[in-house]
Amino acid sequence: MIHLVSHLYRRTMRKGRLIGLTALSAVPAVLFPLLVAGGLEGAGLDEAYAGVVTGAGYTFAIAALVISGGILREERDSGTLPYIYMRPYSRFSLALASVAAGAGAAATLGIAAWALSVLTGLFVGAGPSVTGTGIALFVPAAIGYAAVFVPLGYLYSRSLLIGLGYVLVGETILAFVIPGLAQLSIWRIAMSIYASFVEFGPEAGAGLGPIAPGAGGGIAKLTAVLVAGVALLTWALRKRDAL
Amino acid sequence: MSATIEVNGLSKWFGNKVAVSELSVNFSPGITGLLGPNGAGKTTMMRVVAGLQVPSQGSVSILGKDPRTDPEIYRKVALVPEDEAVYGHLTASQFVTLAARLSGIDNIEGRVVEAIHLVEMSDSSDRKLDGFSKGMRQRIKVAAALVSDPEILLLDEPLNGADPVQRARLIALFRRLGEEGKTVLVSSHILAEVERMTDQVVAMVDGRLAAMGHISEIRAAMSDKPRRVYIETDQTRRLGSALIQLDGVVGIELDEDRLTLQVTDAQGFARGIPKILADGNYDVTRIEPTDESLESVFRYLVEGE
């Protein structure tokens, strides 16, 4: 299965796309150390931090949507899917490999964005403590988004549009209006894990909504999302036309 | 010979469009040509057989297994899809290696070299597929299919884009695979190519099975279509009036130096004509049926004329 994951990962990580999406993901993360270096403190810093985390929620989610939603969608659209579909792998293995490749690709973007923010922090003298834990935000988010966007990409040709709707409307507006939906927000789940590593001020903490901070609950929810995503994709690979 | 691919009552529709309708056909080792005009349902049938599409009705089994539920069967089945699609960022060698790795086969390096050699692309094995012509892509797709040494090979328009020399070589390769006992199903709308590969055909029209079997058997079964026999002679009128007496000759067209007969009883005609020619001392330079070819048979099936 490792060959399958490797193939899917390498295919989606084209150089131009990698640079563009890393840049998109990194913009808010890089802003924060710059704000710290600029002398922002207290409530203003907390407010800025909340803005940065929320902004990263948009930019990284969009980058993850593009990169992981395309894992199988591109194979279908370009007609190359038979080269991976007609192999002696169970449909579950194929689904798992696809989500793993999607998560790996999104995590690469997240880690690159985080690394850029650390480097920026070091460069402006903000210190690694400001940005050092960002990886705990991006990696869980990458896994969660891949579990949602890889099946979405396989099932719908307009997955990009649907995914944008989920990110821009579902994760923000609807999750604020309907507290129950916040429990399904990938970004909030990732933030709840991240909150175990950093101390959120009231502004940044408000971004979590009704979600309680804590790695345990976050990881449990993330696992549930992952299981559901792989199960949905397995079903789709078995029951829906591959071409 | 026992069937390796069994298609039973297969129908496939997309919304209101019926692509394949109640198709039942078996395929055995050897080459079978899958014929049909564009839109006949060949590619859909091929995809359903390959497990890439779900039957709306009916079933498909390959070596007794359902490709949709038993992916292990893909160790023995390979498809060369109609689409030109390949991974353009890979070299030819990397593409075939990927196919070998994903198929879980041993001794990858040797098999890759052999498969690329089979399609005569060893000189281009380190070139990226992006720079390949359509014909070269077709050949490397064939190599990727052959690298796992499949028992069943599904070839959807495999000669598209290949130049005449490449076509001849691919046809020879497919014939050899058929002779080795592999089940080779080749779809094509270029009848002359199919005719060079095999006499065994399945013809589809509008998603339905129009005919199957040996070309000559299919032609013989078209009892409502008199055979046309061309005779070259300089005694057209005299020979024509003699031949019209033969049972089964239902029409004659006269030309300056040739006759075209319409014959309903080909065997009776074949038995009777030597005696007529000998008795009348006719000078005949050529006799040949004009609609025994696959193209003629196919035209009858598709156009009904």
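These notebook entries record what I looked up in a predicted model with chains A and B.

**Conventions.** I counted residues from 1 along each chain as its sequence is written, with chains lettered from A and ligands numbered from 1 in the order in which they are written. In this predicted model, local features need pLDDT of at least 70 and side-chain atom pairs count only at pLDDT 80 or more, while totals for chains, interfaces and linings use all residues.

**Contact of A and B.** Chain A gives 22 residues to the contact and chain B gives 24 residues. On the side of chain A, α1 (2-12), α4 (81-85) and α12 (215-239) each supply at least two residues; helices are DSSP runs (H or I, at least four residues), numbered from the N terminus.

**Domains of chain B.** I found domain 1 (5-216) and domain 2 (222-303), with bounds from an automatic or database domain assignment. Their centres, taken over C-alpha atoms, are 39 Å apart.

**Nonpolar core.** I used this term for a set of buried Ala, Val, Leu, Ile, Met, Phe, Trp, Tyr and Cys residues joined through C-beta atoms within 7 Å, where buried requires 20 or more other C-beta atoms within 10 Å of a residue's own, placed from the backbone. The largest core has 150 residues, and Ile140(B) is one of those with the most contacts inside it. Helix α5 (residues 91-124) of chain A provides the largest share, 17 residues. Leaving aside neighbours within four places in sequence, I noted contacts of Ile140(B) including Val86(B), Phe95(B) and Leu129(B). Another core, of eight residues, lies apart and includes Val229(B) and Leu243(B).

Conventions
Two residues are in contact if their C-beta atoms, placed from the backbone, lie within 7 Å. A residue is buried if 20 or more other C-beta atoms lie within 10 Å of its own, exposed if 12 or fewer, and partly exposed in between; C-beta atoms are placed from the backbone.
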